[in-house]
Amino acid sequence: MTLTIFPTAMPLFDAPQYLEEGNSVVNQHIADVTLNKVPDAAFIYEHAMDWLLESRFSDNNFKSYRSELTTFLHWCFDVEQTSPIYLTRRGINDYVQYCLAPPKSLIAYRNVAQFVLSKDWGDRQPNPLWRPFLGKKQDGIELPYRVMDATLKTKIAILSSFYSYLINEEVIERNPAVMWMRHSRFGSQPAVVAGLDEAEEVRVFSDLQWSYVMSTARELAEADPERQARSLFLVSLMYGCYLRISEVAARPGFSPVMSQFRRDSHTGIWSFHIPISKGGKKRTVAVSRELLDALKNYRESLNLSPLPSPNDATPLFTRHKAAGRGRDQGLLNANLGVRQLRDLLNEVISQAANQAALDGFEHDAEEMRTLTVHSIRHTGITHDINLNGRPLSHVQADAGHDSIDTTSQYLHTSKIERHESAASKRLDRLQNVTLNNRQE
């Protein structure tokens, strides 16, 4: 297949009904950027898609968000060759200056679709006529390009919302768009989520709710091991190693394999290696005995040896049927992407909530349906600190937190747990002793 050459910015996000299917041209572009310019470009791109899909039911919002995000990522990846993760207030200011005076080759004077149907191949392709900036004409004459203050504030507000999403996903800890706005001539602050605080506490499964998730995953695997053993192990791995879904999902430049489970030749201890994660960093997570048993059971369902060898290149989570389209079309032995893994996890959570409701825990079930896949990571961290008593420093290392202050925010994050621990507190612990002394 011959790919169109894009001398300018490439559209990155198709309409909502096509976005989840992936696009071979965009995938190749992101893979090239990841390999040659910005190591975590694919990681950021997956998060950008997830954030955009949250606005899919508002057509106007989706169009505004994707246009701004495409322009921003083009500037980050192709112009500055840096990750949005590393931008400071000064970096956002550089982007603003770029938008105020963009290259003439990136300015269009009529609206065109970002993606078009290819007559030769019958699939959707990025439109080479699209440009990220739209200028105006008067009497057929191109006017000098200008950005109104209202437009600029909207651009920064959209970026602020995207950075807030990244904060909640623990990809970044600061919002440079908010910092720029605070120090700009506008002097106002877009409404953003500042981080993990009292107003926006970490949302986790309670001990009871998580038990329903695990028991449901086990029951599904027992009833249909050929198809559901994969889901059981996925749930176990995400919880046991506090993983972000992007850390076990296939994306351009990264394909998870079994040999990421490694045994230390000196200690015999097993761990799970994550070669690329937040900010392009790598880390190794300690593996519990129960998780190691879960790995053995999962590999047995795949007719593999109990434990992987150092060179085991078997994909971590494979398809049950060949892909119908995209870069993996016709392939069966290929890793699942973010969307497929999220669907598997959401199905388990949904069925677990239904079972909890049948058992009379309606409120728990209702709450479970509002939790996300990322809540599994939060739950693993919270349970290990508050229920299993693991040292904060150990959890910090396994979670990949840059600061132990981030890990400390998981201490008793549940309001219910805090209420239960406070319910029996006494206002005067020696009241009875004092009273008895007086009566004597």
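Guide: Here is a short tour of the core and its rings. The model is predicted, so to speak of local features pLDDT must be at least 70, and side-chain atom pairs count only at pLDDT 80 or more, while totals for chains, interfaces and linings use all residues. Residues are numbered from 1 along each chain as its sequence is written, and side-chain values use heavy atoms, with hydrogens and water left out.

A nonpolar core is a set of buried Ala, Val, Leu, Ile, Met, Phe, Trp, Tyr and Cys residues joined through side-chain atoms within 4.5 Å; buried means under 20% relative accessible area, with a 1.4 Å probe and protein chains only. The largest such core has 55 residues, and Phe13, Phe72, Leu73 and Phe77 have the most contacts inside it. Among the elements giving it two or more residues are helices H2, H4 and H6 (helices are DSSP runs of H or I, at least four residues, numbered from the N terminus). H3 gives the most, with ten residues.

Beyond its neighbours within four places in sequence, Phe77 is in contact (heavy atoms within 4.5 Å) with residues including Ile30, Val33, Ala41 and Pro84.

Now to the rings, where Phe, Tyr and Trp (its six-membered ring) pair if their centres lie within 6.5 Å. There are 17 aromatic pairs. In one of them, the centres of Phe72 and Tyr163 are 6.3 Å apart with planes at 70°, so the pair is edge-to-face (planes over 60 degrees apart). This pair joins H4 to H6 across 91 residues of the chain. Both Phe72 and Tyr163 are buried, and they belong to one aromatic cluster that includes Trp51 and Trp75.

Technical notes. Buried < 20%, exposed > 50% of the residue type's maximum accessible area, 1.4 Å probe, protein only. Phe/Tyr/Trp six-rings, centres within 6.5 Å; stacked < 30°, edge-to-face > 60°.
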